Protein chains: 2
Amino acid sequence: MDIQLKNKLLKNDRDYVWHPFTQMKDYEKQDHVLIEKAEGIYLYDADGSKYYDTVSSWWVNIHGHSHPRIRAAIDKQMSEMDHVMFSGFTHRPAIELSEKLVEITPEGLNKVFFSDNGSTAVEVALKMSFQYWLHLGKKEKNKFVFLDNSYHGDTIGAVSVGGVELFHSVFKPLLFDSYKVSSPNPFAWQQKGVSEDEAVSKCLDEVRSLFEEKAEEIAGFVIEPLVQAAGGMIVYPSSYLIGIRELCDEFDIHLIADEVAVGFGRTGKLFACEHAGISPDLMCLSKGLTAGVMPLSVTLSTLKIFDAFYDEYETFKTFFHGHSFTGNPLACAVALENLKIFEDNKVIEMIQPTSKYLQQRFPEFSDLKHIGNVRGIGMIAAMDIFEDKAKGLNYATNKRTGYQVYLTGLKHGLIMRPLGDTIYVWLPLCTTIDDIDQILYKINNVLIDLELA
Amino acid sequence: MDIQLKNKLLKNDRDYVWHPFTQMKDYEKQDHVLIEKAEGIYLYDADGSKYYDTVSSWWVNIHGHSHPRIRAAIDKQMSEMDHVMFSGFTHRPAIELSEKLVEITPEGLNKVFFSDNGSTAVEVALKMSFQYWLHLGKKEKNKFVFLDNSYHGDTIGAVSVGGVELFHSVFKPLLFDSYKVSSPNPFAWQQKGVSEDEAVSKCLDEVRSLFEEKAEEIAGFVIEPLVQAAGGMIVYPSSYLIGIRELCDEFDIHLIADEVAVGFGRTGKLFACEHAGISPDLMCLSKGLTAGVMPLSVTLSTLKIFDAFYDEYETFKTFFHGHSFTGNPLACAVALENLKIFEDNKVIEMIQPTSKYLQQRFPEFSDLKHIGNVRGIGMIAAMDIFEDKAKGLNYATNKRTGYQVYLTGLKHGLIMRPLGDTIYVWLPLCTTIDDIDQILYKINNVLIDLELA
């Protein structure tokens, strides 16, 4: 890109743009990285520098960027129908996508409600669960349970079931009351001398106690299956998820699976719930749904929930919720093509050796002086930075070590975005073993540069 | 479309899709209209029948459907960069769009925060306003004021400032406390013998009283400028908006303008606030932002608000909010092309004669026996159905007269979607005078068919 244009764009970025989850003062002297081109698993900046997109652009990209099949699918759809309202009207892309999603998601999820992003998909699930109990005459069942460190989005309903203090505590006066339970975070429990199995057992006991006391006022339990992503890439055992499904059944509480981040192969199976062999009552999908190309989300529900809203109009049991672009044909066409690529390329089979390789090699970082708590599943792997590993002591917040990893990563051709001092990769599913070798080599160099090795 | 395919799709729609704002039992025998093609201001169903899209597909479409320039803009963007995360990274389409939006929106709105739909744009505004006061040490300023009959979206924060009982009352236990004030709805006041000017005066007095008593705990006043759309296409005088701006200034309260529906020319000016000559402190845009093609929204803020978040990271004043597809390059490229079409085709000039014509002719419906309260502005016009017009008596809810208008409209080649018994048109800006003649002629026939004439 022409240097004048680049400078003008960077000036205008500073003048006019408010970036998400960003302290804008961080960019008073530092420029935002101006990306000009995205292709495969690479991003290219305005100077032509090439970066591995090791975070799949906020965990969305699946088959690589600017995929020619996705491009063709959008163009075909634009030639026929851009958008049409989805109340009173319907169209082939949304119908075919719904059929497909019911087919591939866990058994019992039979109805598809569209919205635009993960937050709205979660809001839809919460509202459906809440209203379901109301229709059953159990209006006191109106509270939700969530895990410490959970993240389900940034709209007020989603924040109300969020457990990341840094993001969520400030908005407390606007939130509805929910119950927070302990996360089965293996590392945190291990620090207290509790084994993984014991931790699961303790956490399930806590939920059982809560349910025994409060089930009458609990509508649903909302959870990120297997990986609490934004909360710090916490990977927990599937036995916890199995236990929660059993408890929800026993106490007549909806299990709401938020697979916005972990869905679509990221954990090595198409959906994370499959690791536990369970079906939730409501399931939220987004991010990878469109292969990471454009916004779209769905909330899938059981027939049992759907049927509680199905009645004569005058009973006012309608689920009054909708967004202008609900079921947007362009996004649906993209999602359909995404799922066809999954099938045609046998993507889930394809990632078995690569994810196995990633999980074998990532623990090598444990040997480094300031690195510990290495964990992962599928195409996700994470590690924490410690000032004193033996004591489990982190660096002071104002050292901003994670932020230095982002900056230093850029110099090594890596797009990284640590969560605090948690460094992670969240790889596009098309990443090869050779790519993984390159990425790990570069990460190692970043850690050496920062004297963390 | 092949009849077998059509039947299969309609069966699958029934089996798998949960439509927004829809009592699904309404479609037990009645099919959803299966739209196959969208072009210009027409939609075509699977049998090849052609319909005028008189509601701009839920108030989003601007230049007609499947516009060739928009199609080209998407394809060009897809050839370069589908999507990249917007935290730590930036790109030309979002920067250029931000610059443009700051240029064309009311003065003082200088920073652009992206999200995906109207609900999230409103949530962003509410959260920014709330957090602004917190940063100023005024944490007790944490409540919002909204108008009776207002609609700002369906996520829990947006519902908390919603005034449509039918949609919102059921979720009461999940909502945060807000203050509702009377709508300056001219017709409702007229029914009580109060003139339009007096009504504005009374409504402003009510707000003044509230502010005098509660300003210390009020963060912001959220409003749909000039038209309360989903609440029943209520068109109110700009003098009310001017008065609210003055009161907000006097009592140090943010004015949040939700122009999601009314923005982008729909009222005859680019933004509805221009009718009142005012600048809000926060402004939400979506729907027409992408010419109605795909989801995207923005919240614009003043520098004053932005600056209250601008500080060293360790002060934790960051606005922790974001969505995966924040600033999606595809959507930004579409929005930029939309704004170029506005300029190239001089769209705001172009709609002056058509909107004038619409506003001249629509009142002819007042002559019909069961039609009253005809009103409108720009390319929006509405009327109400009455069982007894003289007495202002509506039909019983279970007659579902508005729903009959939707069904009968289809037979006449019209896409209509009455709000209860309010019939309205919300025309694409490219609608011509000839089109308007055709549409009004057809609406008249619908009313005759239903014995409302």
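Two strands pair if DSSP finds at least two bridges between them. Keep that in mind for the views below, all taken from a predicted model.

**View 1. Strand β6 of chain B and its two partners.** Start with β6(B), residues 143-147, where 4 of the 5 residues are buried, so the rest of the structure largely encloses this strand. On β8(B), residues 218-223, the pairing with β6(B) is parallel and runs over 3 bridges. Look for B:Val145, which sits opposite B:Phe221 of β8(B). Strand β7(B), residues 179-181, also runs parallel to β6(B), again with 3 bridges. There, B:Val145 has B:Tyr179 as its bridge partner.

**View 2. The nonpolar core around A:Tyr240.** In soluble globular proteins, nonpolar side chains tend to be buried together. Here the largest nonpolar core counts 266 residues, and the members touching the most others are A:Phe221, A:Tyr240, B:Phe221 and B:Tyr240. Zoom in on A:Tyr240 and skip its neighbours within four places in sequence: its contacts include A:Leu147, A:Val181, A:Pro184, A:Leu204, A:Phe221 and A:Ile223. Another core, of 66 residues, lies apart from the largest one, with A:Trp18, A:Val159, B:Phe171 and B:Cys284 among its members.

**View 3. Where chain B meets chain A.** On this interface, 124 residues of chain B are in contact with 124 residues of chain A. Between them the two chains bury about 11,700 Å², and 66% of that is on carbon and sulfur atoms. As for polar pairs, the interface has 63 residue pairs in polar contact, both residues being at pLDDT 80 or more.

**View 4. A salt bridge between the chains.** How many salt bridges are there between chain B and chain A? The count is 4. One to pick out pairs B:Lys25 with A:Glu312, whose closest N and O atoms are 3.0 Å apart.

View 5. Find B:Glu39 and you'll see B:Tyr42 of β2(B) standing opposite.

Notes
Residues numbered from 1 in each chain as written. Chains lettered and ligands numbered in written order. Predicted model: local features only at pLDDT ≥ 70, side-chain atom pairs only at ≥ 80, totals over all residues. Heavy atoms only, no water. Buried < 20%, exposed > 50% of the residue type's maximum accessible area, 1.4 Å probe, protein only. Helix = DSSP H or I, 4+ residues; strand = E, 2+ residues; numbered from the N terminus. Core = buried A, V, L, I, M, F, W, Y, C linked by side-chain atoms within 4.5 Å. Contact = heavy atoms within 4.5 Å. Buried area = accessible area lost by both parts, 1.4 Å probe. Salt bridge = Lys/Arg side-chain N within 4 Å of Asp/Glu carboxyl O. Polar contact = N/O pair within 3.5 Å; in protein donor to acceptor, adjacent residues only side chain to side chain.
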